[in-house]
Amino acid sequence: MTGAEVDVAFIQEPAHRPNPSLSQEAQGIPLIDLSNADADALVREIGHACRQWGFFQIINHGVPLEDLHRVEEAGRKFFQLSQEEKRKVRRDAQKVMGYYDTEHTKNVRDWKEVFDFSVHEHTLAAASLDEDDDRVTYWDNQWPQNPPELREACQKYTKDMVKLAMRLLELIAISLGLPARKFEEFFRDQTSNGRLNRYPPCPSPELALGVGPHKDAGALTILAQDKVGGLEVKRKSDGQWVGVKPVPDAYIVNVGDIIEVWTNGEYESVEHRVMVNSVKERFSIPFFLRPSHYVMVAPFEEFTGEQNAAKYRAYNWGKFFLARKNSNFMKLQVENVQIHHFTNIPTQRYLPDSPRIFG
């Protein structure tokens, strides 16, 4: 990933290639102060941000900055290790947490390396894609020997993130006119995880992307990014790609596909991507809030009725997530599973060799 030329596996289709010289900074992405004592105003801000952008930044969020800095420092130490050392905790189809440097988004390889760690040391997960197979398995964290402080730093950080995420879910629920704890039951055995991302300098930033255009499959994503920046959001108003300027000590939050389905499209999941550059490496720490594997995701009755038909069919989160995970280890011939495959419009089956997935 540091050679003079970019391997063809990284090269985006012409329509998706970035143009660094034309990159523009987003104007209007809300910056929300979570310490706002006016609860009604805070809820209105959250609701407006979710409707207009699907993204917002938060400050005074309550996460101890020393916890964030500790994770970042340990993560940077880990990525400085040799490839041989890092690959001792390499992810595969059985060990889905750990180090990985060949991840794909929409079947194009991302210019990055990652280290994944789950909220739970043993995460309860679906064992099969078959809708009639109820077997479960456990996804276990893999921790490297070096740096020795990485495990404890990540474990403490995920606790911070879960607390923040659940508070955000309460604010989002209230903004929708729902009970504050409406979402809580779906996360009892959550499949959430944190990630450390490193984006090395790229010799051809006009051809490759750190992460290709995509929407997040889970409920919420909470992202810490360094001062280098690189995150771009597809603006809902005109479809243009706009950069999210780093704000010191802030988090970037975006609504995921699950909230889009639960709200029947009231709050949309928005496409985004990550730019790379030829000079600087970038480091970021996303947290992906995801429900229990057995949750059936479907529009809430509060958002459906005679005048507003359900836009999505129900799907099992565990099997959906397993299909998405499996795509990291093989290049598919068709698009990986997305929520639009569960709209009430027939679409092409995305995994033609898989038996009876989701009906």
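**Notebook: sheet, helices and rings**

I started with helix α2 (residues 65-79), which lies across β4, β7, β10 (193-199), β12, β15 and β17 (282-289) and runs at about 120 degrees to β17. A reminder to myself: this is a predicted model.

Next I looked up the sheet under that helix's contacts. I found an open sheet of 8 strands with mixed pairing, in the order β2-β3-β15-β12-β17-β10-β7-β4. The edges are held by β2 (31-33) and β4 (98-100); each has a single partner strand, so one side of each is left without a neighbour in the sheet.

Then I zoomed in on one pairing. Strands β12 (residues 220-225) and β15 (residues 251-255) run antiparallel and are joined by 4 bridges. Here I noted leucine 223 opposite isoleucine 252 in β15.

I also checked helix α1 (residues 39-52): it lies across β2, β3 (55-59) and β15, at about 155 degrees to β2.

On to the rings. My search of the whole structure gave 18 aromatic pairs. One of them is phenylalanine 10 with tryptophan 111, edge-to-face, with 4.8 Å centre to centre and 65 degrees between the planes. These two are 101 residues apart, with phenylalanine 10 in the segment before β1 (24-25) and tryptophan 111 in the loop between β6 (108-109) and β7 (113-118). I find both phenylalanine 10 and tryptophan 111 buried.

I logged one aromatic cluster too: Phe78, Phe79, Tyr99, Phe115, Phe117, Trp143 and Phe283.

Last, a charge over a ring: lysine 182 lies over the face of phenylalanine 300, 4.6 Å from the ring centre.

Notes
Residues are numbered from 1 along each chain as its sequence is written. This is a predicted model: local features need pLDDT of at least 70, side-chain atom pairs count only at pLDDT 80 or more; totals for chains, interfaces and linings use all residues. Side-chain values use heavy atoms; hydrogens and water are left out. Rings of Phe, Tyr and Trp (its six-membered ring) pair if their centres lie within 6.5 Å; planes under 30 degrees apart count as stacked, over 60 as edge-to-face and the rest as tilted. Buried means under 20% relative accessible area, exposed over 50%, partly exposed in between (1.4 Å probe, protein chains only). A charge sits over a ring if NZ of Lys or CZ of Arg is within 6 Å of the ring centre and within 35 degrees of the ring normal. Two strands pair if DSSP finds at least two bridges between them. Contact means heavy atoms within 4.5 Å. Axes are lines fitted to C-alpha atoms, for helices over the stretch in contact, and angles run from 0 to 180 degrees between N-to-C directions.
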